[in-house]
Amino acid sequence: MSAIAQWDGVTKRYGNVVAVRDVNLALHPGEATALVGHNGAGKTTLIKLLLGLIRPEEGVVRVSGIDPAGAQGAEARRALGFLPENVAFHGAMTGNELMTFYAGLKGHSTKRNRELLALVGIADAAGRRVSTYSKGMRQRLGIAQALIGEPRLLLFDEPTSGLDPASRIDVFNTIDMLRGSGATVLVSTHALAEVENRVDRVAVMHRGNLLSAGTLEDLRQGVVPDVGLRVRVRNCETERLLAALPPGIQCTDRTEDTLMLGVPAADKMAALRALASLGESVEDIRTVTPGLEDLYRRLVQQEASAA
Ligand SMILES: Nc1ncnc2c1ncn2[C@@H]1O[C@H](COP(=O)(O)OP(=O)(O)OP(=O)(O)O)[C@@H](O)[C@H]1O
């Protein structure tokens with residue numbers, strides 16, 4: 001599948017600070033990708049590079065095959081919709097006026113503006129000054145302006161920061177809808193649990209390095225080759241059970257009545273049989289699939305211990 005956007009061997013420095021280092025990443029048509037990482041990890045820098053606002057010191061950035069900071073950058077940017085991290089609008093203008101303004105800036109017709117405002121749920125407030133909007137409504141307006149001109153690639157920089165739970169769900173529903181309509185979406189976010197089932201791929205940034213990129217399953221394979229088992233133990237017999245575990249089973253965490261075990265995937269059935277043979281001390285066994293928060297934490301830990 002050819003990429004709609006890509007960073008090839010990209011390094012960007014601000015003075016002595018290496019904001020992103022040798023990043024290789026591609027966005028594929030029709031897919032939603034979450035860009036996750038701590039504050040200062042380099043997420044916004046990657047987005048600014050795609051927008052052509054900054055140039056890399058090393059490597060190549062392409063949007064639809066075009067250098068977005070080059071002579072044909074304006075053409076590449078026409079395919080982009082962007083929601084900045086801190087969306088700020090002139091409070092004296094109405095939603096309608098702002099949409100007209102942004103359509104003019106982008107060189108697109110205003111014909112679909114009303115439809116876009118309805119899509120994000122603020123059509124009724126379109127005639128009101130933006131200074132009367134709540135934070136969530138401003139964010140919705142930000143999404144509506146990003147959708148002007150039906151961009152094929154949408155870049156959302158922390159679209160849910162500062163929003164209440166209902167508005168956060170709405171934002172992710174909109175992302176789902178865009179993805180369903182065939183758009184490519186890159187969403188930079190700290191909301192790992194919220195995003196995990198809403199995107200096709202995840203790219204994990206840490207201190208300017210891309211630690212991992214792929215589907216959640218790719219991340220799981222790369223980070224946790226073991227199967228996780230949560231074993232509930234009767235009568236606080238954890239010590240006895242630990243001593244009786246066959247080799248190859250690692251205890252990763254424990255409480256008085258629960259053991260978290262890691263088992264190589266190939267040995268899962270053998271491990272389950274061994275646990276079952278320990279008799280009534282074992283009250284319950286559940287396999288545990290690590291979520292994005294867990295995977296992210298482990299990736300960062302791995303990086304820290306390798307450094
Ligand atoms: N204009 C700039 N001048 C100097 N340093 C910068 C500039 N922009 C970003 N940086 C630095 O580059 C690094 C990456 O910043 P970036 O904004 O890309 O991170 P981020 O992952 O988007 O962070 P956050 O989640 O806080 O928005 C940080 O160390 C930041 O301080």
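1. Gly52 follows α1, and its phi is positive, near 75 degrees. Helices here are DSSP runs of H or I with at least four residues, strands are E runs of at least two, and both are numbered from the N terminus. The model is predicted: local features need pLDDT of at least 70, side-chain atom pairs count only at pLDDT 80 or more, and totals for chains, interfaces and linings use all residues. Residues are numbered from 1 along each chain as its sequence is written, and side-chain values use heavy atoms, with hydrogens and water left out.

2. Helix α1 itself is largely enclosed by the rest of the structure, because seven of its nine residues are buried. Buried means under 20% relative accessible area, exposed means over 50%, and partly exposed lies in between (1.4 Å probe, protein chains only). The buried residues of α1 are Lys43, Thr45, Leu46, Ile47, Leu49, Leu50 and Leu51.

3. Which element gives the most to the shell around the ligand? It is α1, with three residues. Both β2 (17-27) and α1 (43-51) supply at least two residues each. A residue is near a molecule or strand if one of its heavy atoms lies within 4 Å of it. There are 14 residues around the ligand, and Asn39, Gly40, Lys43, Thr44 and Thr45 come nearest.

4. The shell splits by class into four nonpolar, seven polar and three charged residues. Nonpolar covers Ala, Val, Leu, Ile, Met, Phe, Trp, Tyr, Cys and Pro; charged covers Asp, Glu, Lys and Arg; the others, Gly among them, are polar.

5. A polar side-chain atom of Lys43 lies 2.7 Å from a ligand oxygen atom. For Gly42, a backbone N or O atom is 2.9 Å from an oxygen atom of the ligand. In Glu158, a side-chain N or O atom is 3.0 Å from a ligand oxygen atom. On its own the ligand has 630 Å² of accessible area, and the protein covers 63% of that. Accessible areas come from the Shrake-Rupley method with a 1.4 Å probe; for residues, only the protein chains shown count as cover.

6. Asp22 lies in strand β2. Its phi is positive, about 50 degrees, although Asp22 is not a glycine.

7. Where does Arg207 sit? Arg207 is in the loop between β8 and β9. Arg207 counts as exposed, because its relative accessibility is 65%. Strands β8 and β9 form a hairpin with two residues between them. Strand β8 (residues 201-206) pairs with strand β9 (residues 209-214) in the antiparallel sense, over five bridges. Two strands pair if DSSP finds at least two bridges between them. Val202 has Gly214 of β9 as its bridge partner.

8. Strand β10 has two antiparallel partners to check. Strand β10 (residues 226-233) pairs with strand β12 (residues 258-264) over seven bridges. Six bridges join β10 to strand β13 (residues 282-288). Val231 stands opposite Leu259 in β12. Val231 also stands opposite Ile285 in β13.

9. Is Ser167 buried or exposed? Ser167 counts as buried, because its relative accessibility is 11%. Ser167 is found in helix α6 (residues 165-180). Leaving out residues up to four places away in sequence, Ser167 touches Gly136 and Arg140. Contact means heavy atoms within 4.5 Å.

10. Glu239 is found in helix α9 (residues 238-244). Glu239 is exposed, with a relative accessible area of 52%. Its side chain makes a polar contact with the side chain of Arg254, at 2.6 Å. A polar contact is a pair of N or O atoms within 3.5 Å; within protein, one must be able to donate a hydrogen and the other to accept it, and residues adjacent in sequence count only if both atoms are side-chain atoms. Glu239 and Asn173 are 66 residues apart along the chain, and their C-alpha atoms are separated by 47 Å.

11. Last, the protein chain as a whole. Its secondary structure comes to eleven helices and 13 strands. The C-alpha trace spans about 70 × 45 × 35 Å along its principal axes. Of the 307 residues, 47% count as buried. Among contacts between residues at least 6 apart in sequence, 66% join residues at least 24 apart. The accessible surface of the protein chain comes to about 14,900 Å², and 49% of it belongs to carbon and sulfur atoms.
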